[in-house]
Amino acid sequence: MQTTQATHEEYFSFLRSVSLLHELPEEKLSKIVDCLEVDYFEKGEYIIREGEEGNTFFIISKGEVIVTQKTEGLAEPQKIKTLGVGDYFGEKALISEDVRSANIICNENDTQCLVVDRENFNQMVGTYEELQAYLKDYVRELSISDERRNVD
Ligand code: WNU
């Protein structure tokens, strides 16, 4: 996507406000803005499907999504949380080199996500040990809570 200057600054200051990216140097953040795609979703649309392959990381810039997941013994995927503006998702498949581990379903019309592909995600995360360590820990905790949910 070719962003105009105004849009670039808008996304730049938005990304600055995302706690995960707060520590990134300005030029790094600026590069992320240059390689972002913006995707739009309507209520009920699947942004991510559990079990599918995925190569993208998402940051919610407008709207809301819900996270659902298959649970042992239950026919319907269960809702596990709601995410809103400034929250992100899709890091687990990229970090664990695995398929998508949950569904992400749009919960509000005109939801907007900033999308970073695997290559740019790796550049963003790979060069910052703290960020990488933080996400790896978080992903490990997600796996643990997944197991706990399925056992209960
Ligand atoms: C959860 N279990 C699993 C969330 C978002 C970011 C962080 C939690 Cl750092 P993916 C499906 C995505 C997955 C996660 C997200 O769903 N997710 C969860 C859980 O309890 N996934 N397995 N909670 S919201 C969330 C922490 O981003 O990444 O690529 O796709 O597997």
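**Close-up views of a predicted model**

**View 1. Glu52 sits in the loop that links strand 2 (46-48) to strand 3 (56-62).** Strands here are DSSP runs of E with at least two residues, helices are runs of H or I with at least four, and both are numbered from the N terminus. This is a predicted model, where local features need pLDDT of at least 70 and side-chain atom pairs count only at pLDDT 80 or more, while totals for chains, interfaces and linings use all residues. Residues are numbered from 1 along each chain as its sequence is written, and side-chain values use heavy atoms, with hydrogens and water left out. Glu52 has 43% relative accessibility, so it counts as partly exposed (buried is under 20% relative accessible area, exposed over 50%, partly exposed in between, with a 1.4 Å probe and protein chains only). Setting aside neighbours within four places in sequence, Glu52 is in contact with Val99 and Arg100; contact means heavy atoms within 4.5 Å. Leu135 is 83 residues from Glu52 along the chain, and their C-alpha atoms are 21 Å apart.

**View 2. Leu94 is part of helix 3.** With 4% relative accessibility, Leu94 counts as buried. Not counting residues up to four places away in sequence, Leu94 touches Gly54, Asn55, Thr56, Phe57, Arg118 and Phe121. Asn109 is another story: 15 residues from Leu94 in sequence, with 27 Å between the C-alpha atoms.

**View 3. Helix 1 (residues 5-17) packs on helix 2 (residues 26-34) at an angle of about 120°, with the axes 9 Å apart.** That angle makes helix 1 oblique to helix 2 (under 35 degrees is roughly parallel, over 145 roughly antiparallel, 65 to 115 roughly perpendicular, and the rest oblique). Axes are lines fitted to C-alpha atoms, for helices over the stretch in contact, and angles run from 0 to 180 degrees between N-to-C directions. From helix 1, His8, Tyr11, Phe12, Leu15 and Arg16 meet Glu26, Leu29, Ser30, Ile32, Val33 and Asp34 of helix 2.

**View 4. Helix 4 (residues 118-126) has Asn120, Phe121, Met124 and Val125 buried.** Looking down the axis of helix 4, these buried residues fall within an arc of 125°, so they line one face of the helix; the arc is that of the directions from the helix axis to the C-beta atoms. An α-helix has 3.6 residues a turn, so residues three or four places apart point the same way. Helix 2, strand 3, helix 3 (91-96), strand 8 (111-117) and helix 5 (129-151) are among the elements covering the buried residues of helix 4.
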